[in-house]
Amino acid sequence: MMCWHVDIIYVCVFGITFYVSPTLGKLSNTVTIGVIVDSIDDRSASINRSIELAMTATNNTKYVKMNPIRNKTDLRDSFRLRQTICSLIEKQPIALFGTSRSETFSIIESYSRALRVPFFLPTLTRETTVGKDNYIISMCPSFIEAVIDLIKYFNWDRIFYLFDTDDALWRLQKLYLAFSDRFVDGRKQQFLIDAIRIPDVGNCRETLRKLDRNYNFNTKRIVVDLYSIQDFDRFMSQIIDVGMNRDGYHYLLGTLDISGMNRDLWKSFTYGGVNITGFQLVKATHRHRALTELMEADQQPSVEVALTVDAVAVLTTALVRISKDKPNLLGFKRGEMYLHMECSSDPIKSLPQGHIILDYILNVTNEGLSGKIAFDEYGNRKGYKLNIFNLSYRSPIQKAR
């Protein structure tokens with residue numbers, strides 16, 4: 001859908017509106033986009049499809065043409081990931097899209113920096129706050145600041161932190177630092193964190209039983225930090241199995257998509273006296289209106305899908321502005337772009353215009369499916385809002401007022 005307004009054009013793609021100069025009405029330049037998704041990640045299919053449909057919608061506007069080149073690989077395997085990145089670089093992409101895993105995040109980070117190619121990540125990862133030459137664009141906001149605020153609000157002095165990835169260790173460190181010098185009424189207050197790593201989220205009943213039996217105090221406050229929404233469903237199902245859905249437990253779920261969890265699970269928590277708190281980034285009404293056509297009829301659209309669509313809109317906005325401000329920067333010839341990158345050379349031949357493209361991306365401010373989209377100098381989201389949801393005795397999961 002397109003929206004015209006006097007001397008400017010607003011292009012609307014899946015509910016996202018961004019500015020386009022009318023002087024670019026006949027632009028037909030094509031850019032290649034590399035897409036890397038995890039071959040064993042449950043979210044890969046929906047993310048891949050959202051990239052395809054969002055780019056198709058962008059191409060229909062006739063302002064910027066995107067040609068996505070897709071490649072699946074096992075993101076746990078560092079050798080295969082390096083091969084995949086270099087294989088895509090041979091196609092001369094102006095940006096990369098994909099998911100990541102904590103085991104190989106450093107490879108994605110180092111290659112995107114060395115090649116000067118922006119890498120859009122719609123999945124949760126660690127924050128980068130060191131060095132301005134970071135080319136990771138983290139579309140998924142961090143939830144740890146909200147967790148810290150809620151712990152202060154509830155005035156907790158001890159928590160359990162259950163996690164399953166190395167990326168969670170970065171958030172755990174941030175939690176330690178936030179409460180290392182905590183003062184209440186002028187007195188330093190001790191804050192205890194019992195960190196427990198879950199080796200296998202699909203089979204963690206014994207870990208949960210030990211937690212239930214070995215700590216003898218009335219109320220257990222548990223922060224849960226897991227890799228995916230599917231892992232949260234598996235985890236909460238086992239909470240029910242071991243009987244930890246009862247009075248004396250308060251779970252603070254580190255997910256930005258609590259509305260996307262298995263709704264049938266909540267029935268087993270409503271009358272046990274347990275408390276559950278979580279976060280929602282994409283509003284359900286917005287999700288239904290803008291994302292249903294991205295999914296099959298029997299699927300629930302995810303936050304990752306919304307963030308992927310937002311990422312395509314951010315890149316589109318940046319490229320349109322570059323074409324307006326610096327029409328010769330990208331070096332188009334006959335509608336195609338020649339970037340002369342080489343991944344296997346020594347030294348690596350990077351994208352000469354990469355730092356300018358990155359700067360334009362970081363200066364994009366959109367109102368997207370995930371709310372306000374803006375970035376700090378390191379490529380992390382800023383200025384975003386999270387809705388808080390809560391479940392308690394005889395009160396089903398709902399947005400907190």
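In the predicted model, K220 lies over the face of F217, at 5.7 Å from the ring centre.

The protein chain has 401 residues, of which 56% count as buried. Its secondary structure comes to 11 helices and 21 strands. Among contacts in the protein chain with a separation of 6 or more, 71% are accounted for by residues 24 or more positions apart. The chain exposes about 18,500 Å², and carbon and sulfur atoms supply 46% of this area.

Aromatic pairs were examined next. A pair of aromatic rings is described by the distance of the centres and the angle of the planes. A search of the whole structure finds 10 aromatic pairs. One of them is formed by Y153 and F154, with 5.5 Å from centre to centre and 65 degrees between the planes. This pair is edge-to-face, because an angle over 60 degrees places a pair in that class. Y153 and F154 also belong to one aromatic cluster, together with W156. Y153 has a relative accessibility of 67% and therefore counts as exposed, the cut-off for that class being over 50%. F154, with a relative accessible area of 28%, is partly exposed.

Another pair consists of Y161 and F163, whose ring centres are 6.3 Å apart. The planes of Y161 and F163 stand at 50 degrees, so the pair is tilted; planes under 30 degrees apart would count as stacked, and those over 60 as edge-to-face. Both members of this pair fall in the buried class, for which the relative accessible area is under 20%. Y161 counts as buried because its relative accessibility is 0%, and F163 counts as buried at 6%.

A residue in a helix was also examined. N48 lies in helix α1, which spans residues 44-60. At 15% relative accessibility, N48 is below the 20% limit and so counts as buried. When residues up to four places away in sequence are not counted, N48 touches V35, V37 and R70.

Note on methods: Residues numbered from 1 in each chain as written. Predicted model: local features only at pLDDT ≥ 70, side-chain atom pairs only at ≥ 80, totals over all residues. Heavy atoms only, no water. Phe/Tyr/Trp six-rings, centres within 6.5 Å; stacked < 30°, edge-to-face > 60°. Buried < 20%, exposed > 50% of the residue type's maximum accessible area, 1.4 Å probe, protein only. Lys NZ or Arg CZ within 6 Å of the ring centre and 35° of its normal. Helix = DSSP H or I, 4+ residues; strand = E, 2+ residues; numbered from the N terminus. Contact = heavy atoms within 4.5 Å. Areas by Shrake-Rupley, 256 points an atom, 1.4 Å probe, with all protein chains shown as cover.
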